[in-house]
Amino acid sequence: MIHNMKLQDEPFIKIKNGLKTVEMRLNDEKRQKINIDDDIEFTNIKTSEKLICKVLNLYKYKNFEELYKNHDKISIGYDKDEVSNSNDMKKYYAEDKINKYGVLGIKIKLKK
């Protein structure tokens, strides 16, 4: 199965370059349909460029704080000199939605 997701330019480039290997999302109805070995087509919202990644693993957490504790900052999209902070995800997802659905870490690998 192929799932479609949009991404900001910066995380898109990090996935393309093999740096970001865990995509973080709300574990809503759409994401609950994702399975290991599925493909995800990411579309860069700035350039419309597309990438296809294979889903290697799924990590379900209560909130982004848990996710951040279980993954290194490079794999979730931070640069080595940046401070990772789970509160950064609050600009994308409301607290009530996080509490309702929980969050998902999607381990991905770019398909060649």
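**Notebook: aromatic pairs, cores and the sheet**

I looked up two tyrosines to begin with, and both Tyr-68 and Tyr-78 are buried. I take buried to mean under 20% relative accessible area, with exposed over 50% and partly exposed in between (1.4 Å probe, protein chains only).

I note that the model is predicted: local features need pLDDT of at least 70, side-chain atom pairs count only at pLDDT 80 or more, and totals for chains, interfaces and linings use all residues. Residues are numbered from 1 along each chain as its sequence is written, and side-chain values use heavy atoms, with hydrogens and water left out.

**Entry 1: aromatic pairs**

I counted rings of Phe, Tyr and Trp (its six-membered ring) as paired if their centres lie within 6.5 Å; planes under 30 degrees apart are stacked, over 60 edge-to-face, and the rest tilted. By this rule I find two aromatic pairs. Phe-64 and Tyr-93 form a stacked pair, at 5.7 Å centre to centre and 15° between the planes. Phe-64 lies in helix H2 and Tyr-93 in the loop between H2 and H3, so this pair ties together parts that are 29 residues apart in sequence.

I then checked the accessibility of both rings. Phe-64 is buried because its relative accessible area is 2%; Tyr-93, at 16%, is buried as well. The pair of Tyr-68 and Tyr-78 is edge-to-face, at 5.9 Å centre to centre and 75° between the planes. Tyr-68 is in helix H2 and Tyr-78 in the loop between H2 and H3, ten residues apart.

**Entry 2: nonpolar cores**

A nonpolar core is a set of buried Ala, Val, Leu, Ile, Met, Phe, Trp, Tyr and Cys residues joined through side-chain atoms within 4.5 Å. Which residues of the largest nonpolar core touch the most other members? Of its 14 residues, they are Met-24, Phe-64, Leu-67, Tyr-68 and Ile-76. The elements giving two or more residues to this core are S2, helix H2 (64–70) and helix H3 (95–101). Apart from it I found another core, of 13 residues, among them Met-5, Phe-12, Cys-53 and Ile-106.

I also listed contacts (heavy atoms within 4.5 Å). Beyond its neighbours within four places in sequence, Phe-64 is in contact with residues including Met-24, Ser-86, Tyr-93 and Val-103.

**Entry 3: the sheet**

I traced an open sheet of five strands in the order S1-S3-S4-S5-S2, with mixed pairing. Strand S1 (2–7) and strand S2 (22–26) each have a single partner strand and stand at the edges, so one side of each is left without a neighbour in the sheet.

Two strands pair if DSSP finds at least two bridges between them. S1 and strand S3 (residues 39–44) pair in the parallel sense over six bridges, and Lys-6 has Thr-43 in S3 as its bridge partner. S2 and strand S5 (residues 103–110) pair in the antiparallel sense over five bridges; here Leu-26 has Val-103 as its bridge partner. Strand S4 (residues 50–61) and S5 are also antiparallel, over eight bridges, and Val-55 stands opposite Ile-108 in S5.

**Entry 4: His-3**

Is His-3 buried or exposed? His-3 lies in strand S1 and counts as buried because its relative accessibility is 9%. Its side chain joins that of Asp-38 in a polar contact of 2.8 Å. A polar contact is a pair of N or O atoms within 3.5 Å; within protein, one must be able to donate a hydrogen and the other to accept it, and residues adjacent in sequence count only if both atoms are side-chain atoms.

How values were computed
Helix = DSSP H or I, 4+ residues; strand = E, 2+ residues; numbered from the N terminus.
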